[in-house]
Amino acid sequence: MNDAPNDTVSHQPAPEWQGRSDPEDGARTLRLHHIANRDGADRALIGFACDAGVIRNQGQPGAAQGPQAIRQAMANLSAPEGLPGFHDHGDVVLAGEDPGPGQQALGLAVAGLLRDHARVLVLGGGHETAVGSWQGLRAALPDARIGIVNIDAHPDIRAIGAAGASSGTPFFQIHQTEPEGFNYAVLGLAAEANTLALTDRAQEWGVTVVADHALQRDAEAAFPAIDAIAARCDTIYLSVDLDVLPASLAPGVSSPAARGVPLHVVEAILDRVLATGKVRLADIVELSPPHDPAGLTARVAALIARRLLAG
Ligand SMILES: N=CN[C@@H](CCC(=O)O)C(=O)O
Ligand SMILES: [Mn+2]
Ligand SMILES: [Mn+2]
């Protein structure tokens, strides 16, 4: 990994992956912890231990513990058929109040990993993770038309106020950097959780929005948006904010959803996006372990991570 840009950022090496083994059942007993850090794997994992953006966004701190909790929940999941392995590159850790230096370090790391891997999965962190994820993809693919698919109750296009950039501003920041060719779809938006100013801005910027109401039974309503972005873009950055899920399943986020989009619908959306063959980069954000006492949200995040590594 590249050197951290300043002393508020450090790198925590990947932990040892450990878990259950069942040798008595023969060869096909691999779990994710068995295939972590295997030579030749073309999938990479990196964490962003940061909740500075959530705190600035008046949210609940805790997302900095997200990467470790997701890894732990992943370890004993079965290794999917056809996934030979993945490399874990540890965490970029931000200690300060400004997420910027951490996002920059994450971006450098992601860019490096994209050179050697077909897909990189980032474990956040608050949704400020997205700025680092996107910077890494842009650095690795300077000429690509990037499409962004964000599965989220919120568009996260808040203007930057006195507090500075936060977990509510990442896609505003990306739009500021590249207003031309801003290809952004938000799937699962909850009208009640966003002011009209934000939905107006989304409309003004040509953001594709599919409401949570349209995604209660199945994922059909999201397919045209996914297919259109795939047709327009060379590569897709897929971001999954766990607060899109109902609070009954994902209580451990800063801003839990009363309604939310059911997990089977989120999974069908993921499969459709992965089936485009254009996902080089994905992230899972907003897990807050202190608000997840039973570890349920981490388990849901782990299922999503497994799918994103495999698909
Ligand atoms: N990451 C973004 N989160 C939401 C949080 C809203 C809330 O705390 O109620 C947002 O900024 O819109
Ligand atoms: Mn978000
Ligand atoms: Mn959200």
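Gly47 has Leu123, in β4, as its bridge partner. The two strands concerned, β2 (residues 43–49) and β4 (residues 119–124), run parallel and are joined by six bridges; strands are said to pair if DSSP finds at least two bridges between them. Strands here are DSSP runs of E with at least two residues, helices are runs of H or I with at least four, and both are numbered from the N terminus.

The model is predicted, and local features need pLDDT of at least 70, side-chain atom pairs count only at pLDDT 80 or more, and totals for chains, interfaces and linings use all residues. Residues are numbered from 1 along each chain as its sequence is written, while chains are lettered from A and ligands numbered from 1 in the order in which they are written.

β2 and β4 belong to an open sheet of nine strands with mixed pairing, in the order β1-β3-β2-β4-β9-β8-β5-β6-β7. At the edges stand β1 (9–12) and β7 (208–211); each has a single partner strand, so one side of each lacks a neighbour in the sheet. From one strand to the next the twist averages 15° (axes are lines fitted to C-alpha atoms, and angles run from 0 to 180 degrees between N-to-C directions).

Strand β8 (residues 235–241) contains Asp241. This residue is buried, with 30 other C-beta atoms within 10 Å; the cut-offs are 20 or more for buried, 12 or fewer for exposed, and partly exposed in between, with C-beta atoms placed from the backbone. Not counting residues up to four places away in sequence, Asp241 touches His127, Asn150, Ile151, Asp152, Val285 and Glu286, contact being C-beta atoms within 7 Å.

The UniProt annotation "binding site", from an unreviewed entry, covers Asp152, His154, Asp241 and Asp243. They span 92 residues in sequence, yet no two of their C-alpha atoms are more than 8.7 Å apart, so they gather at one spot. UniProt positions follow the numbering used here, feature names are shortened, and annotations may be inferred rather than shown by experiment. His154 lies in the loop between β5 (146–151) and α6 (170–177). It counts as buried, with 25 C-beta neighbours inside 10 Å.

The largest nonpolar core has 92 residues, and Leu242 is among those with the most contacts inside it. Helix α10 (residues 296–310) gives the most to this core, with eight residues. Such a core is a set of buried Ala, Val, Leu, Ile, Met, Phe, Trp, Tyr and Cys residues joined through C-beta atoms within 7 Å. Beyond its neighbours within four places in sequence, Leu242 has contacts including Thr297, Val300 and Ala301.

How values were computed
Contact = placed C-beta atoms within 7 Å.
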